[in-house]
Amino acid sequence: MSRKDDCFKLGWNALLGAVLIVSTGCSSFMANSYNAQGVRMMNASRTEEALDFFEQAKNANPKNPDAYYNCGAVYHQTAINSERESDFQMAKYYYDLCLDLSPNHPQCLRAKAALLCDVGESDEAFRLVEAWVNRQPSSAEPRIELARLYDEHNQLARARDCLNDAVAIDNRNVRAYTALGSVRERMGDRDQAIMAYEHAIALDPYQPNVNTRLASLRYATPPSTAPTIAPQGENTLDPSGKEMIATQPDGTIQR
């Protein structure tokens with residue numbers, strides 16, 4: 001894996017594929033229990049048993065959006081592994097049911113946007129997330145997701161702008177600062193990348209990958225700005241070009 005790929009995962013690996021363990025509300029007690037058991041099965045790579053528990057959660061409380069989301073997440077993971085169209089369709093079906101119950105469900109919106117990109121419907125993914133931004137203008141989360149889409153489509157300047165907006169809204173959002181550091185680093189903005197990573201570490205010191213990138217940037221020799229002088233008698237051209245499953249504090253499991 002290239003350093004660019006490493007930086008991309010560093011910026012976005014906290015954003016996708018979470019399976020929710022619990023939801024709120026007294027009426028969801030049984031659904032919560034089934035969801036928790038399903039997560040344990042997912043951790044053990046027992047996908048069919050996980051799906052069975054999530055189905056039971058859905059049956060126990062048909063208005064529990066997390067149960068539908070969890071079912072969709074299982075089918076989505078299966079679809080990525082199998083590349084079966086039917087699995088992608090089932091994942092989308094369950095994500096849509098979740099969003100019918102909870103239109104601003106952050107994990108589901110992120111996952112559906114990723115699924116749409118997986119099946120070549122990037123324009124629809126952008127429309128989905130832009131609508132989320134418009135519905136929740138005072139939330140950082142939709143802007144982080146919009147930045148991820150821009151990043152995946154090699155529009156780093158737009159990703160940076162979205163993340164700057166996100167940290168302006170929520171200056172304690174670790175994921176926003178981590179992703180901003182990654183984007184800034186790949187844009188060649190070393191000082192601003194260091195600053196963003198430092199913010200992320202100040203908010204959450206236990207991020208070994210971020211600490212590694214930060215140390216690398218701090219101790220790297222800044223690139224020389226002196227012009228390259230070709231050996232006498234040669235016409236030398238410079239051929240080089242310029243070119244974010246872990247347990248989360250909010251009770252989600254990351255793939």
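Buried means under 20% relative accessible area, exposed over 50%, and partly exposed in between, with a 1.4 Å probe and protein chains only. The model is predicted: local features need pLDDT of at least 70, side-chain atom pairs count only at pLDDT 80 or more, and totals for chains, interfaces and linings use all residues. Residues are numbered from 1 along each chain as its sequence is written, and side-chain values use heavy atoms, with hydrogens and water left out.

**View 1. S45, in a loop between two helices.** S45 is exposed, because its relative accessible area is 62%. S45 sits in the loop between α2 (29–43) and α3. Helices (H or I, at least four residues) are DSSP runs, numbered from the N terminus. The phi of S45 is positive, about 60 degrees, although S45 is not a glycine.

**View 2. N154, in the loop between α8 and α9.** Helix α9 covers 156–169. N154 has a relative accessibility of 59%, so it counts as exposed. N154 is not a glycine, yet its phi is positive, at about 60 degrees.

**View 3. E49, a residue of helix α3.** This helix spans residues 47–60. E49 counts as partly exposed because its relative accessibility is 36%. E49 and Q37 are 12 residues apart in sequence. In space, C-alpha to C-alpha, E49 and Q37 are 9.1 Å apart.

**View 4. The largest nonpolar core, with 56 residues.** A nonpolar core is a set of buried Ala, Val, Leu, Ile, Met, Phe, Trp, Tyr and Cys residues joined through side-chain atoms within 4.5 Å. F54, Y69, Y95, L146 and L163 touch the most other members. Helix α4 (residues 65–82) gives the most to this core, with 8 residues. A second, separate core has 7 residues, among them A193, Y197, L214 and L217. In soluble globular proteins, nonpolar side chains tend to be buried together.

**View 5. Helices α7 and α8, packed at an angle of about 155 degrees.** Helix α7 runs over residues 122–135 and helix α8 over residues 141–152, with their axes 8 Å apart. Axes are lines fitted to C-alpha atoms, for helices over the stretch in contact, and angles run from 0 to 180 degrees between N-to-C directions. The angle makes α7 roughly antiparallel to α8. Angles under 35 degrees count as roughly parallel, over 145 as roughly antiparallel, 65 to 115 as roughly perpendicular and the rest as oblique. Contact means heavy atoms within 4.5 Å. Among the contact residues are F126, V129 and W132 of α7, and P142, L146 and Y150 of α8. L146 touches F126, V129, E130, V133 and C162, not counting residues up to four places away in sequence.

**View 6. Helices α5 and α6, packed at an angle of about 150 degrees.** The axes of α5 (residues 85–101) and α6 (residues 106–118) are 10 Å apart. The two helices are therefore roughly antiparallel to each other. Residues including F88, Y95 and L99 in α5 meet residues including C108, L109 and L115 in α6. The contact has 10 nonpolar, no polar and 4 charged residues. Ala, Val, Leu, Ile, Met, Phe, Trp, Tyr, Cys and Pro count as nonpolar, Asp, Glu, Lys and Arg as charged, and the others, Gly among them, as polar.

**View 7. Helices α11 and α12, packed at an angle of about 145 degrees.** Helix α11 covers residues 190–203 and helix α12 residues 208–219, with axes 10 Å apart. Residues including A193, I194 and Y197 in α11 meet residues including V210, L214 and L217 in α12. The contact divides into 7 nonpolar, 1 polar and 4 charged residues.
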